[in-house]
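Hi everyone, thanks for coming. Please have a look at the sequence and the structure while I talk you through some local features.

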Amino acid sequence: MKILMVIVDGMADRDVNGTTPLKSARTPNLDRLAEMGINGIMDTIGPGVRPGSDTAHLSILGYNPFEYYTGRGPIEACGAGIEVRPGDIAFRVNFGTVDGKGSVFDKRVVDRRAGRIQEKEELVRAINQKVKIDGVDFILGNASGHRAALVFRGEGLSDRITDSDPKNEGDRVGRVMALDQSAEHTAKIVNEFIEKSHQVLENHPLNAERERMGLPKANVLLLRGVGKAVHVPKFHERYGLKMAVIAGTTLIKGIGRLIGADVIENERFTGSKNTDLGLKVETALKSLETHDLVLLHIKAPDEFGHDGDFDGKREFIERVDSELEPIVNLDFSEVCLTVLSDHTTPVTARDHTADPVPVMIVCEGVRRDDVREFNEYRVYRGGLCRIKGLDLMNILLDLTGKSKKFGA
Ligand code: ZN
Ligand code: ZN
């Protein structure tokens, strides 16, 4: 029996005059599935703990985020296709624009996204080839838009350091500071890298061309989200299951790579509102033929939550529902389906909150409850009651006959 996990990012919401985007959306397919299955609510990490998408997904996949989450840097680096090893330190990176004279740390950030530069592979290549730092290796990996990821590899590296990204335009590039003595060597290395990479970028022909065209130069790397990579057991070692991830978001692809899943990429999976949902569903169903567990991730409802757009969120959820049509017709004696949200992203809070999320499981033999509508209010009455994110994999393994008995 295979497992299909559909995670609709930030789909859950808080009450707005007695309803939510999910409750007010017309969702015949989700409602039909809820009717066929068992429903409940879930604290992805724990009651009152506000999850990030990264910590939420780790938890849902059975990885305690308090043990395995060490910051966003290592996950973004995995997402950018860099092989991250235990002991490495990794950052999220923006290409930005600085102006001024002297050292890079005397210059001011005039654009944190370098005019939202798109084509920057040449710059990434130039830095990887030309910058040399004694005693450590580094890998700069390209990511979408103005983004990149950076990994340092060597002895005694520490993540107890500050960001170089000042977060505010008009401020100077931050000199990376050690937060304790053990990190002084690392801070020195990272500052040397920021200075040397600035020199390479400043003198690169692509930037001369951008200047001629009146575009902001991509002449600095702004670092944040540092984390030190730890050993994370692979999903197939842990569960004996071959896993595939269908996602457009770098962060979720990063989680997939971190745990050794196959990440199925397609340029039409954008991780945003313009993604090709139909193709994602089709790809997920096809991947069930070759994999034991398929995670289908849909990002946009979270974006509408962050934008505070109730109607946009409701309409997108309706689109998700209609694209899920082929899933309703699956043979649930062969596939165990779960549909859930990774956290709540209320349009009123415009950020993630700790409110528990709706979750349903549909498969043969499951004790069906009398929930007929899939929304935040109804699922409280379902048979799953209230579970934690870390419980979900155990429940799915049990229902699909893949779990080991505890005791005799
Ligand atoms: Zn999320
Ligand atoms: Zn979010």
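Let me start with Glu-192, which touches Lys-132 and Ile-133, leaving aside residues up to four places away in sequence; contact here means heavy atoms within 4.5 Å. Before I go on, a word on where the numbers come from. This is a predicted model, in which local features need pLDDT of at least 70 and side-chain atom pairs count only at pLDDT 80 or more, while totals for chains, interfaces and linings use all residues. Residues are numbered from 1 along each chain as its sequence is written, chains are lettered from A and ligands numbered from 1 in the order in which they are written, and side-chain values use heavy atoms, with hydrogens and water left out.

Back to Glu-192, which has its place in helix α7. Helices (H or I, at least four residues) and strands (E, at least two) are DSSP runs, numbered from the N terminus. For the cut-offs, buried means under 20% relative accessible area, exposed over 50%, and partly exposed in between, with a 1.4 Å probe and protein chains only. From Glu-192 to Glu-303 there are 111 residues in sequence and 36 Å in space, C-alpha to C-alpha.

Now to the metals. Which residues coordinate the zinc ion (ligand 2)? They are Asp-302, through two OD entries, and His-306 and His-352, each through NE2, at 2.0 to 2.5 Å. Donors are N, O and S atoms within 2.8 Å of the metal (3.2 Å for Na, K and Ca), and water is not among the atoms, so sites may look incomplete. The angles among the four donor atoms run from 56 to 144 degrees, and the site is irregular. For that label, four donors count as tetrahedral if all angles lie between 85 and 135 degrees; four count as square planar and six as octahedral if opposite donors are over 155 degrees apart and all others between 65 and 115; anything else is irregular. Along the chain, the donors of the zinc ion (ligand 2) follow the spacing D-x3-H-x45-H. Asp-302 sits in helix α12 (residues 300-307) and His-352 in the loop between β11 (335-340) and β12 (357-362), so this pair ties together parts that are 50 residues apart in sequence. Asp-302 is buried at a relative accessible area of 2%, and His-352 is buried at 11%.

The zinc ion (ligand 1) is 4.7 Å from the zinc ion (ligand 2). Asp-9 is buried at 1% relative accessibility, and Ser-53 is buried at 7%.

Next, some helix packing. At what angle do α5 (residues 72-79) and α10 (residues 250-258) pack? The angle is about 90 degrees, with the axes 7 Å apart. Axes are lines fitted to C-alpha atoms, for helices over the stretch in contact, and angles run from 0 to 180 degrees between N-to-C directions. The two helices, α5 and α10, are therefore roughly perpendicular to each other; angles under 35 degrees count as roughly parallel, over 145 as roughly antiparallel, 65 to 115 as roughly perpendicular and the rest as oblique. Among the residues in this contact are Ile-75 and Cys-78 of α5 and Leu-251 and Ile-255 of α10. Seven of the eight residues of α5 are buried, and the buried ones pack against α3, β3 (89-99), β6, β7 (220-228) and α10. After α5 comes Gly-81, with a positive phi near 85 degrees.

Last, a backbone point. Most residues other than glycine have a negative phi. Lys-167, in the loop between β6 (147-153) and α7 (184-202), has a positive phi near 70 degrees. Cys-385, in strand β13 (residues 385-388), has a positive phi near 55 degrees. Lys-167 is partly exposed at 42%, and Cys-385 is partly exposed at 47%.
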